[in-house]
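Okay, thanks for coming, everyone. Let me put today's model up on the screen.

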Amino acid sequence: AVVSTQSTGNVEYISTNGRFPVLIFNETDIVCGFSELVKYLWKRGYSLSEKLNQNEKCDMDIYTALIKRLEALELFTSWLIEDNYTHVTLPAYTSHTTWPLSAILPFYKKRQVYRLVASQGQWHDISSEMLMAETKDVASALTERLGDQGTFFKDGDTGQDVVTELDCLVYGHLNAIFMTKLPSYRMKRALGLHSRLIDYCKYVESKHGLRAQRERS
């Protein structure tokens, strides 16, 4: 199947549920959100994890849920750490809007992010140390699961690395964190302590013709 991709500044308003990425199929179906997209493609016979056994599929669900924690930490870092919000997030978020939307939309988005973070229990009072600890926990779990493999799963018959939906999800989040420059970005430092995750991103890029836009630091 031929798929074209496009980066657009108003994708949040194209999405029907506020989730990303957005897939528009035949100009009629709009599928929003990673899990929703995976299910949509699976129903049409497209699956990267069809060769996994039941235990491996359960593992994939567990680590997919783990990335949800990482996503919440990303939102916290971008929207609720004032330095990052003022100097990077706010200008980027309002670059495609004019006043008064440029004042109204960030207010509602920030409140939405706060509610999401507050739903994570103690995260509404999270400190820099807690942020580092949470990120390190996620990084340690991903590193342990990867081991010395190129990807999270191997083909049971050939022993070769298998790229699954989990790899797409993990790479997308890790690459975004490593590539983004923020004034205060302890997440990047915490993840960077696990050089295995940087190697993983480079491996995925080399195997699938992806090119990082900036050097990771």
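I'll go from the overall fold to one helix pair and then a lysine.

This is a predicted model, where local features need pLDDT of at least 70, side-chain atom pairs count only at pLDDT 80 or more, and totals for chains, interfaces and linings use all residues. Numbering starts from 1 along each chain as its sequence is written, and side-chain values use heavy atoms, with hydrogens and water left out.

So, the protein has nine helices and four strands; those are DSSP runs numbered from the N terminus, H or I of at least four residues for helices, E of at least two for strands. From the N terminus, the order goes α-β-β-α-α-α-α-α-β-β-α-α-α. Of the 217 residues, 36% are buried, meaning under 20% relative accessible area with a 1.4 Å probe, protein chains only.

Now, how do H7 and H9 cross? The axes of H7 (residues 165–179) and H9 (residues 195–208) come within 10 Å and cross at roughly 115°. These axes are lines fitted to C-alpha atoms over the stretch in contact, with angles from 0 to 180 degrees between N-to-C directions. That makes the two helices roughly perpendicular, a label covering 65 to 115 degrees.

On the H7 side, the contacting residues include Val170, Leu174 and Phe178, and on H9 they include Ile198, Cys201 and Val204; contact is heavy atoms within 4.5 Å.

Phe178 comes up again: the side chain of Lys188 reaches the backbone oxygen of Phe178 at 3.3 Å. Lys188 sits in helix H8, residues 186–192, and is buried, at 11% relative accessible area.

Terms used
Angles under 35 degrees count as roughly parallel, over 145 as roughly antiparallel, 65 to 115 as roughly perpendicular and the rest as oblique. Buried means under 20% relative accessible area, exposed over 50%, partly exposed in between (1.4 Å probe, protein chains only). A polar contact is a pair of N or O atoms within 3.5 Å; within protein, one must be able to donate a hydrogen and the other to accept it, and residues adjacent in sequence count only if both atoms are side-chain atoms.
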